[in-house]
Amino acid sequence: MHEIGIAEAILDAVRAETRQHPGLIARKVAIRVGELAGVDPDALQFSFEALVQGTPLDLVQLEIEICPRLHLCPDCQIEFRVIDFDSRCPRCGQQLTKCVSGDQLEISHLEMESYEPRSA
Amino acid sequence: MNHVALEKKILSENDRIATTLRDRFAEHGTLCLNLISSPGSGKTTLLERTLQSFSPDRHVAVLAGDIQTENDANRLKRFGFPVKQITTGGTCHLDARMIERHLADWPLDQIDLLFIENVGNLVCPASYDLGEAAKIVLLSVTEGEDKPLKYPSVFFKSELVIITKTDLLPYVPFDQQAAEENIRRVHPGVEILPLSCSTGAGVDRWLHWLEKQAVKTEPLVSK
C-alpha cells in the first residue's frame, strides 16, 4: 500500500504548479498509470481523496488513465498490445519482444481555473 | 478552464535522488544491487550465504530494510562486513532518500559491492528506484508458481530472478517449469537462477553472476 505516498507526490506537484500560476486554482490533475506500474488505481483514488479532504485542494479531481502494455517486435517492427502476459509477436511468433509502454507513472496535465478570492 | 501540461514522473523527486546515487555509485565503482521478495523468501539467508563465501578483505556492505527490528542486520553483522539496518517504522518499501541518508557516513570508495535488502513486499518496492545497478527478485518454492503473474511489476523490472529453497521441491507442489514459464511471460529473456542456501545447490552460479556484474562496474576514478 504505497498509494498514499504516490498520492502525496501528486499533490506536491499540484501545489508546486499552483504556486507558478497566481490567480488560478487547480480543479483536476490527470495522470497516467501503466498496467505494469504496480499501482492500484482504486487505492490511489481513495488515498488521493482522503488526503485532499478539508484542505485547500479538496476540489481537485484525480483523473487516472490506465496505459496498456505495448511491445515491439524487433523483427517485424510492429507494436502490439500484450494481453494476458502473452508477449509473443502476433505476426511472426518472436518470443523476445521489447516493452515500449506500460510502466508509466506520470502526471500529464492540470486543469486550472480563475480563482475569485471571497471577500471577508 | 486552463490546460497546463506537466508531463513529469510522479516519483520525480525519488528518481532525482536515485540518479544522484547512481552517479555516485558509478564514480566509485560500487555495484549496488536491490534485493526484493515477499517476506520470508530468503533474502537474508541468501545474503548470509553470500557474505560467508567472501574473503574478509572484500569491500562489501549491506543496507537491510525492515518495518521493525534490527534482527536482519544482527544476523548479517556476524560476517564482519559493514551492515546497517533501515527501519522504516511502517513504510512498506525503501525509497531513495532513505538510502541517501543511511549512506551519508559510509565511504563509498571503500565499498565495491553494496547489497540493499528491501522490505519484504512484492508490490511497492518495485516502484522506487534506489539508484541500483539491478533489481533482483527472489521467489521461494513455497510461494506458488503463479506469483510472477500476480505481481508482474517487480518481475518485469528485475534483471535476475532467483528461485530459492529448491531443497524443499520434493515436499511442496511447486511446478518449477510452470514458474519459469510464468516469469518469462512477464519478462521475456530474463535470467533465472534456482538455488538452495541449505544444500548450497546453485549458490556457485549466483556467486558467478555477482562476479560477472562486478567486472562491469569499473570505477570512473582510480582508487
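**The interface**

Visitor: How many residue pairs in polar contact does the rule find across the interface of chain A and chain B?

Guide: The rule finds 13 such residue pairs across the interface of chain A and chain B, both residues being at pLDDT 80 or more. A polar contact is a pair of N or O atoms within 3.5 Å; within protein, one must be able to donate a hydrogen and the other to accept it, and residues adjacent in sequence count only if both atoms are side-chain atoms. This is a predicted model, in which local features need pLDDT of at least 70 and side-chain atom pairs count only at pLDDT 80 or more, whereas totals for chains, interfaces and linings use all residues. Residues are numbered from 1 along each chain as its sequence is written, chains are lettered from A and ligands numbered from 1 in the order in which they are written, and side-chain values use heavy atoms, with hydrogens and water left out.

Visitor: What area is buried between the two chains?

Guide: The size of an interface is often given as the accessible area lost when the parts come together. Here about 2700 Å² is buried between chain A and chain B, and carbon and sulfur atoms give 62% of that area. The value is the accessible area (1.4 Å probe) that the two parts lose on being put together, summed over both.

Visitor: How does β6(A) pair with a strand of chain B?

Guide: Two strands pair if DSSP finds at least two bridges between them. β6(A) and strand β1 (residues 2-9) of chain B pair in the antiparallel sense over six bridges. A:Met112 has B:Asn2 in β1(B) as its bridge partner.

**Salt bridges**

Visitor: Which residue forms a salt bridge with A:Asp84?

Guide: Side chains of opposite charge can pair when their charged atoms come close. The rule asks for a side-chain nitrogen of Lys or Arg within 4 Å of a carboxyl oxygen of Asp or Glu. A:Asp84 forms a salt bridge with B:Arg185, with the closest N and O atoms 3.7 Å apart. Within chain B, B:Arg75 forms a salt bridge with B:Glu48 at 2.9 Å between the closest N and O atoms. That pair links distant parts of the chain, helix α3 (residues 71-77) and helix α2 of chain B, 27 residues apart.

**The sheets**

Visitor: What is the strand order of the open sheet of seven strands in chain B?

Guide: The order is β4-β3-β5-β2-β6-β7-β8, with parallel pairing. β4 (83-87) and β8 (191-194) of chain B are the edge strands, each pairing on one side only. Strand β7 (residues 160-164) of chain B pairs with β8(B) over four bridges in the parallel sense, and B:Leu160 stands opposite B:Glu191 in β8(B).

Visitor: Why is one side of β4 and of β5 of chain A left without a neighbour in the sheet?

Guide: The open sheet of three strands in chain A has the order β4-β3-β5, with antiparallel pairing. β4 (79-81) and β5 (98-101) of chain A stand at its edges, each with a single partner strand, so one side of each has no neighbour in the sheet.

Technical notes
Helix = DSSP H or I, 4+ residues; strand = E, 2+ residues; numbered from the N terminus.
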